[in-house]
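Hello,

Here is the structure I promised to pass on to you. Have a look at it first, and then read my notes below.

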Amino acid sequence: QVQLVESGGGLVQAGGSLRLSCAASGRIASIADMGWYREAPGKQRELVATISFGGSTNYADFVKGRFTISRDNAKNTVYLQMNSLKAEDTAAYYCNADVRQTIWRPRSQYWGQGTQVTVSS
């Protein structure tokens, strides 16, 4: 099985910064895309940012210029540097990974348990 463990969430004032981390472990042959999603109370889960194995990135418009996604392939870890945080960024942030466990099996999507980010105004 594969586990994704997030860390780095917390409470921060508006304008502040946080850095989220997500480490994948278990039986992993390769990881294609990794990404971050968020879910605020009463809203659907939405894409924040994704990054390919080669480092190509994609961002939601509402975080462009403020958030940066990166990854360390040797550690199977993805990061999200969040700057200039706003109250509307308050949400549970979830890590996602597109994992191939063995070369004989197709890729599957895995999710972390979520880490809460709360931005006070």
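In what order do the four strands of the open sheet come? The order is S1-S3-S8-S7, and the pairing is antiparallel. Strand S1 (2-7) and strand S7 (67-72) are the edge strands, each pairing on one side only. From one strand to the next, the twist averages 15°. Please keep in mind that this is a predicted model.

As background, strands of a sheet pair through backbone hydrogen bonds.

Next, follow strand S5 (residues 46-51), which has two pairings to look at. Strand S4 (residues 30-39) runs antiparallel to S5, and five bridges join them; here Met 34 stands opposite Ile 51. The two strands form a hairpin with six residues between them, and Gly 42 in the turn has a positive phi of about 80°. S5 also pairs with strand S6 (residues 57-59), again in the antiparallel sense, over three bridges. Ala 49 has Tyr 59 in S6 as its bridge partner. This hairpin has five residues between the strands, and Gly 55 takes a positive phi near 100°.

Leaving out residues up to four places away in sequence, Thr 50 touches several residues, including Met 34, Tyr 37 and Ile 69.

Best wishes

Methods:
Residues are numbered from 1 along each chain as its sequence is written. This is a predicted model: local features need pLDDT of at least 70, side-chain atom pairs count only at pLDDT 80 or more; totals for chains, interfaces and linings use all residues. Side-chain values use heavy atoms; hydrogens and water are left out. Two strands pair if DSSP finds at least two bridges between them. Axes are lines fitted to C-alpha atoms, for helices over the stretch in contact, and angles run from 0 to 180 degrees between N-to-C directions. Contact means heavy atoms within 4.5 Å.
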